Amino acid sequence: MKRNSLSLLLLLLLLMGCGRDLYRKVRLELPAYSPLHPDEFQEVFLTDFLIAKTPEGFDLNRELAAFFVPEIERRLGLPVNAQRIPLENEASIGKPDFWQALSPGPLRRLYVTGKAELTRKIRKSILGEVPGEDPFTPQRKVAERTVFSLSLHLFLIQGDNGTVLLDRNFKESKTYTSPEQRTDFAFYDLAQRIKTKLFRLISNEERIQERYLLLK
Amino acid sequence: MSKTTWRGIAAALLGIALAFGCSGPRLSDQVGFGIWAANRDLWDEAIFRWRKVLTQEPRSVAAHNNLAVAYEKKALWEEARKEYEAALKLDPDNPWVKSNYENLLNNLEPDKKTDEDESGKDEKK
């Protein structure tokens, strides 16, 4: 009996000593990594985007410029040159020579470019069955919905050496109950969402994350 | 005293010795001091303490890992990556270092990615 008590005491002391935590979990506000350093640039140029598709009568390039120019100026604190630069084809985006040729002066330029697509589709939804003229034969109630999708493949390019600082695809969609939904309003809704994601990506805003600190 | 009593005393002393030996670091040592500083947002002090540990114990996994966390806090991404990699080289299966390292890599992930959100929400009118 005494031997058992001593063994138990020994085991208890062992567990007390060795059972301590080896780590401590902490929640920290860590700065987000951004590939873009706005203080390294003096001006921003917005090129025409390569447009894959857009609803008839809607100038997607003009609307993209009108939306993003003031946002870029506000968030990056850099002047945006309103002179639109035509982009011939997709291959130009990946060619450093193309961008270097556009940047002859001493001012360091950041180019915003890419591909864009805005689509509008009508979708029909079956809402249920309702009595028709013949009460024994129910009819399906169908509603029309308008779905807009905005796809933006965005590139941020350093002008002096053609380095691609950011290469990212964004896609947002929204469904409207009205089949007469205006394209410009829908574009604004979708562009707002892309803007939020884009600037979260390129800013250094701190975010709370968990890390483990080791105690030994 | 009988043999049994002596054995009991010896066992108790051994247990106490093991308890202290297995116990975690007291706050008075440099790793603990660094954590104390980090908890108070004194990251420069924490970095100083953990670097000091590495001058004496270059194979300290805790010091490498904790230094990496401090470097992340100060946005020193490459330094953080190097310290995590050093810690993993010393202890490749350490789950906490691996978790920290994966989170760092997620923050530094390549630019090419798709952010897609098919909301499909109806606009309420």
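Good morning. The model is predicted, so local features are taken only at pLDDT of at least 70 and side-chain atom pairs only at pLDDT 80 or more, while totals for chains, interfaces and linings use all residues. Residues are numbered from 1 along each chain as its sequence is written, chains are lettered from A and ligands numbered from 1 in the order in which they are written, and side-chain values use heavy atoms, with hydrogens and water left out.

I begin with confidence. The scores for the model are ipTM 0.72 and pTM 0.64. For each residue there is also pLDDT, the predictor's confidence on a scale from 0 to 100. Chain B has a mean pLDDT of 82, with 77% of its residues at 70 or more. Within chain B, helix α4 (residues 61-73) has the highest confidence, at 97, and strand β1 (residues 114-118) the lowest, at a mean of 54. Helices (H or I, at least four residues) and strands (E, at least two) are DSSP runs, numbered from the N terminus. Over residues 24-28 of chain B, pLDDT stays under 50, and the model has five contacts beyond four places in sequence; a contact means heavy atoms within 4.5 Å. Over residues 118-125 of chain B, pLDDT also stays under 50, with 19 contacts beyond four places in sequence.

I turn to salt bridges. The term denotes a side-chain nitrogen of Lys or Arg within 4 Å of a carboxyl oxygen of Asp or Glu. Over all chains, the count is 16 salt bridges. In one of them, E210(A) pairs with K25(A), with the closest N and O atoms 3.3 Å apart. This pair links distant parts of the chain, since E210(A) is in strand β8 (residues 206-214) and K25(A) in strand β1 (residues 23-31) of chain A, 185 residues apart. How accessible are the partners? E210(A) is partly exposed because its relative accessibility is 34%, and K25(A) is likewise partly exposed, at 45%. In these terms, buried means under 20% relative accessible area, exposed over 50%, and partly exposed in between (1.4 Å probe, protein chains only).

A second salt bridge joins E71(A) and R74(A), the closest N and O atoms being 3.1 Å apart. Both residues lie in helix α2 (residues 60-76) of chain A, three residues apart, about one turn of the helix. E71(A) counts as buried, at 13% relative accessibility, whereas R74(A) is exposed, at 56%.

K197(A) lies in helix α5 (residues 183-202) and E172(A) in strand β7 (residues 164-176) of chain A, so the pair ties together parts 25 residues apart in sequence. K197(A) and E172(A) are both buried.

Finally, two backbone angles in chain B. Which residues are concerned? D41(B), which is not a glycine, has a positive phi near 65°. D41(B) sits in the loop between α2 (30-39) and α3 (43-56) of chain B and is exposed, at 53% relative accessibility. A75(B), also not a glycine, has a positive phi of about 60°. A75(B) lies in the loop between α4 and α5 (77-90) of chain B, and is partly exposed, at 32% relative accessibility.

M1(B) is exposed, with a relative accessible area of 70%.
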